[in-house]
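Hi there,

Here is the structure I promised to pass on to you. Have a look at it first, and then read my notes below.

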Amino acid sequence: MEGLQKALKIFKIILEEGEIKRQENFSLYKEFAEDDVRIVLNAIEKEFSCRFLDLNESIYLIPEIDSKTLNLSFKNFKDSFYTNTSNSELYLYYYIFMYILYEFYNGKNNNPKKITFLKVSNLIDRLDDKFMKYEKLNSEEIQLLEEQFRVNIKTSAELWRGMIISQEQSNKKNKITVIQKLLNVLSEQNLARIFDDDEIRTTEKLDALMSQFYLKMDRVREINSAFEREEL
Amino acid sequence: MNDFLKDFEKRMEWIGIVESIVNRKGKNTQLESLFKENDLSNVIFALLLFIMERTLIEDDRCDMKAIQNFLKDLLATYYLMVLDEAEIKKLSSYLVKDILQNNGEPYIYKAKNYLENSYKEINIRLITDKVIENRNERKIIYRLSNQGYDFLFRTREVDEEIKFSIEQFKLKEYVKRKKFNSAVRQSLELITFVKQAKKRIEEFILNVKENITKVNSDEYKILVESTYFILEEEKETMDDMLRMVRQAEDKMNEDLGSEIIEEKEFLKAKKEIEEVIKNIDIVIIEQRNLINSRQDLGNIYLETLKKSLEYSFEKRYDFEEKVLKELENYNNTFDKIIKLLNPLFLPKFPKKWLNIKGIYENQFIFRPREESKEEIIDYSDINLELEEELRIKKINAKYVEITIEILEETYKHKTITLKELIEIFKNKGRYNKFVENRDLFMIAIKLYDIGEIRLKEFYNNKKTVLNFETEEYDLELVLTNKAFIERNLVENISNLLITKEVDEVRDKFEVDRNGIKFTEIIEFTNLRFEVN
């Protein structure tokens with residue numbers, strides 16, 4: 001019974017606060033490793049289709065993709081942006097997000113985090129360069145790339161090109177507001193934040209998740225390699 | 001390999017640091033042009049010292065705002081430059097983020113290692129930053145890195161220490177080479193240095209006694225650590241030096257005995273050696289006295305500090321800030337009322353979590369339309385229950401119908417408001433259907449969000465969309481719907497513009513849900529539709 005209570009407390013706090021840090025909540029962190037607590041947490045993982053990860057002395061919760069209760073689905077993610085976000089626009093935002101992750105975590109050392117922060121203005125410049133490069137490819141070449149990496153390149157490039165950079169009319173989509181919207185979503189997830197309206201910084205949570213979990217996935221490696229070779 | 005090239009790469013670290021500032025890679029010529037030659041480099045170094053000062057105080061207050069204030073004062077006072085808030089903000093950001101932090105990326109300086117005939121990559125990082133969270137407020141504070149400290153101290157703080165060591169080194173070399181005349185001059189230099197240290201300590205004691213508030217604990221710390229630490233080290237070296245000089249004296253006596261040197265030469269050298277020994281003795285005595293005085297210095301400082309605190313302890317509350325303003329802002333009553341209503345609402349699961357893997361999932365690829373094919377590509381892999389599929393199709397058909405009506409009426413009138421449209425739909429008998437699920441209003445809001453719908457441009461781009469219908473209103477799906485295309489509205493309408501009006505729309509209507517009639521009242525800002 002005690003194990004059940006502790007496990008439920010852990011689950012509750014993670015749902016409310018997003019993580020349990022050893023430094024801030026040592027007793028709870030310690031209880032996470034207890035056998036009877038682990039049994040209950042395993043059952044929770046199975047029922048809710050999620051996973052508890054202990055990384056860098058913090059415990060995080062990752063929902064599985066098919067978890068209807070916990071996972072931020074494609075539709076939910078879309079709703080976090082503008083009310084009329086189309087699928088193609090969402091794929092552009094995915095592309096930007098993948099690129100941001102690549103910029104931060106493409107180091108070759110034990111700690112793959114390469115930069116401390118990324119300026120929004122620099123990000124926009126680099127995306128401009130990337131999408132301009134795609135415009136020089138012919139349809140066949142783009143099609144090949146899209147088939148190879150299963151990423152929408154043509155529509156993303158068109159959408160990006162169609163956006164202005166100015167922030168003058170805040171209800172209109174432009175490059176800066178789109179990136180800010182994306183960062184808002186990430187901020188709500190405690191993954192990244194914007195400082196001084198210009199500096200993108202990752203959180204400890206994202207650093208831990210990327211370096212010790214996501215970067216080991218084949219698909220993530222494939223995309224990062226493609227960015228590195230400048231194919232994507 | 002030449003010995004003097006040993007550890008060459010370590011020397012080059014300082015060159016790398018200077019280069020990172022002086023040969024600024026992130027050149028913003030607009031900002032740089034505000035300064036005369038070398039002025040900006042001076043400002044950057046002054047800024048580094050400011051950050052060092054703040055780091056030593058350890059108050060975690062060296063944020064961008066503090067840096068902006070410092071630069072504003074510095075430029076106004078010493079460079080006669082008065083910049084406005086926006087310019088100061090821009091300049092501060094440029095200096096800190098672009099120059100000192102190299103836009104967040106590591107600054108690598110490649111130095112040659114001659115021993116291994118390879119290059120060593122030196123990471124240059126003069127400042128570090130940290131995100132501080134305080135009562136839901138986050139800010140970044142800046143600190144000097146160890147490398148930064150090392151560099152700045154070498155430019156002044158340990159200058160005297162190094163000089164002292166250099167003078168000792170020179171004396172040693174002179175004695176080794178029997179240049180006793182030069183050794184005498186060197187020994188006098190050493191006396192000067194130790195007397196300077198003594199003077200610094202005496203001044204500090206005077207300041208402490210005159211006004212303790214003008215002296216801060218960091219000054220005391222630096223004085224104690226640097227001065228006394230140096231003295232301890234130098235004393236050992238001076239003892240060695242004395243031994244060395246006496247050995248030189250003995251050697252000389254031997255040389256005279258074995259007639260290697262002449263007597264005249266011997267007498268001159270002996271006099272000089274005695275002079276050197278006398279001076280070294282003075283230095284050693286002064287050093288010993290200063291080291292012994294350390295305890296006294298500490299006692300004087302702490303006693304004076306203690307006495308000043310006894311008289312200056314005072315606590316103040318700003319009543320207006322602490323009490324009155326808090327009362328004025330007391331607005332959590334509403335939260336409590338909402339909590340009472342909670343049992344009436346459906347339970348809501350805490351927020352959803354993002355699995356980053358989902359971002360990387362294989363995407364459905366949009367394909368360009370070919371002329372002979374239909375506009376819509378059916379994606380038949382989606383597995384939906386037939387009933388559900390039909391329901392969603394029906395919803396989307398209604399969306400198409402409403403959008404067509406809005407466009408046609410707007411085209412007829414050239415410009416029309418939502419209020420007017422409502423009247424028209426009522427007259428046509430279509431209104432109740434259009435507001436069944438508030439569809440008409442939801443579509444109006446979505447169109448307003450877009451702002452301007454460029455119909456002609458949309459069709460000219462020959463875009464094809466995935467026919468993945470959901471309950472949501474998707475304008476692209478509507479525009480490529482067969483029923484919509486058949487109306488050929490694009491022939492007459494290039495663009496549809498939606499703007500806000502000043503007045504409000506208020507309407508009452510009845511809806512039937514599962515056999516139960518509901519009366520709904522809706523109120524929102526009027527919109528205007530315009531075509532061209």
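Let's begin with the aromatic rings. Over all chains of this predicted model, the count comes to 24 aromatic pairs. One of them is formed by Y95(A) and F227(A), which sit edge-to-face, with 5.7 Å from centre to centre and 80° between the planes. Why does this pair tie together separate parts of the sequence? Y95(A) belongs to helix α5 (residues 87–104) of chain A, while F227(A) belongs to helix α11 (residues 218–228) of chain A, so the pair links parts that are 132 residues apart in sequence.

Next, the place where the two chains meet. On the chain B side, 43 residues are in contact with 62 residues of chain A. Together the two chains bury about 5,300 Å², and 56% of that is on carbon and sulfur atoms.

Between chain B and chain A the count is 5 salt bridges. In a salt bridge between K119(A) and D98(B), the side chains meet at 2.6 Å, N to O. Several elements of chain B supply at least two residues each to the side that touches chain A: α5 (85–100), β3 (127–134), β4 (137–144), α13 (357–360) and α17 (439–450). The residues on that side of chain B divide into 17 nonpolar, 9 polar and 17 charged.

The side chain of N495(B) makes a polar contact of 3.1 Å with the side chain of N532(B). Leaving out residues up to four places away in sequence, N495(B) touches E452(B), I453(B), R454(B), L455(B), E530(B), V531(B) and N532(B).

Finally, the confidence values. The predictor gives the complex an ipTM of 0.91 and a pTM of 0.57. For chain B the mean pLDDT is 78, and 74% of its residues reach 70 or more. Over residues 369–385 of chain B the pLDDT is below 50, and this stretch has 22 contacts in the model beyond near neighbours in sequence.

Enjoy exploring!

Notes. Residues numbered from 1 in each chain as written. Chains lettered and ligands numbered in written order. Heavy atoms only, no water. Contact = heavy atoms within 4.5 Å. Buried area = accessible area lost by both parts, 1.4 Å probe. Salt bridge = Lys/Arg side-chain N within 4 Å of Asp/Glu carboxyl O. Helix = DSSP H or I, 4+ residues; strand = E, 2+ residues; numbered from the N terminus. Nonpolar A, V, L, I, M, F, W, Y, C, P; charged D, E, K, R; others polar. pLDDT = per-residue confidence, 0-100. Phe/Tyr/Trp six-rings, centres within 6.5 Å; stacked < 30°, edge-to-face > 60°. Polar contact = N/O pair within 3.5 Å; in protein donor to acceptor, adjacent residues only side chain to side chain.
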